[in-house]
Amino acid sequence: MNLNQRIERALDLRRQGYNCAQCVAMVFEDITATDPDLLSRFTAGLGTGVGGLREICGAVSAMAIVDSLTGYKSPDDKAELYTTVSSDGEKFRSINGSLVCRELKRPGGKPCPQLIADAVTILYNRLIGNE
């Protein structure tokens, strides 16, 4: 699946009622070798900034989950994983100005589908490479 197909699938999942975290994680089922239903269940509580608390954006949380599923095998991998998660988070912050849901959703901010697309793009570019 190319980048545009992943974004379109993520946006279709959003239209079906999945939260931002679910949409991002589920379109990387092939890369994470994880059942999409399981990914959906892992990320269900992360919507609206973790359970509606409007803290860390669900799309960002999902990036960390995908990073973990693709870059962690043992505690020896923790430092490298943290670097990857930080890098992805910083890329998202540089595009959107924040990682925090309540800040992202201020008037004039991007709607969730665009934040989902940004997160999918960041992961895609790192995991698969530019088209």
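Guide: Let us start with Ile56, which sits in the loop between helix H4 (36–43) and helix H5 (58–71). Please keep in mind that this is a predicted model.

Visitor: Why is Ile56 called partly exposed?

Guide: The relative accessibility of Ile56 is 34%. Partly exposed covers the range between the buried limit, under 20%, and the exposed limit, over 50%. Ile56 therefore counts as partly exposed.

Visitor: What makes Val50, Leu53 and Ile56 a nonpolar patch?

Guide: A patch of this kind joins nonpolar side chains within 5 Å, each residue having over 30% relative accessible area and no salt bridge. Val50, Leu53 and Ile56 form such a patch on the surface, and together they have about 240 Å² of accessible area. For Ile56, the value is 34%.

Visitor: How do you know that Gln22 is buried?

Guide: Gln22, a residue of helix H2 (residues 20–26), has a relative accessibility of 8%. Buried means under 20%, so Gln22 counts as buried.

Visitor: Which residues does Gln22 touch, leaving aside those up to four places away in sequence?

Guide: They are Ser40, Thr43 and Ala44. Ser40 is 18 residues from Gln22 in sequence, yet their C-alpha atoms are 5.2 Å apart in space.

Visitor: How do you know that the length of H5 agrees with what a helix should span?

Guide: H5 has 14 residues, and at 1.5 Å a residue it should span 20 Å. The expected span takes one less than the number of residues. The end C-alpha atoms of H5 are 20 Å apart, so the two values agree.

Visitor: Which residues of H5 are buried, and what covers them?

Guide: The buried residues are Gly58, Ala59, Val60, Ser61, Ala62, Met63, Val66 and Asp67. Their cover includes H2, helix H3 (29–32), helix H6 (78–96) and helix H8 (112–127).

Visitor: Why is Ser98 called buried?

Guide: Ser98 lies in the loop between H6 and helix H7 (101–104). Its relative accessible area is 5%, and the limit for buried is under 20%; Ser98 is therefore buried.

Visitor: What makes the pairing of Ser98 with Glu103 a polar contact?

Guide: The side chains of Ser98 and Glu103 meet at 2.5 Å, and the cut-off is 3.5 Å. The side chain of Ser98 also reaches the backbone nitrogen of Val100 at 2.9 Å.

Technical notes. Residues numbered from 1 in each chain as written. Predicted model: local features only at pLDDT ≥ 70, side-chain atom pairs only at ≥ 80, totals over all residues. Heavy atoms only, no water. Patch = residues over 30% accessible without salt bridge, like charges linked within 9 Å, V, L, I, M, F, W, Y side chains within 5 Å. Areas by Shrake-Rupley, 256 points an atom, 1.4 Å probe, with all protein chains shown as cover. Salt bridge = Lys/Arg side-chain N within 4 Å of Asp/Glu carboxyl O. Helix = DSSP H or I, 4+ residues; strand = E, 2+ residues; numbered from the N terminus. Buried < 20%, exposed > 50% of the residue type's maximum accessible area, 1.4 Å probe, protein only. Contact = heavy atoms within 4.5 Å. Polar contact = N/O pair within 3.5 Å; in protein donor to acceptor, adjacent residues only side chain to side chain.
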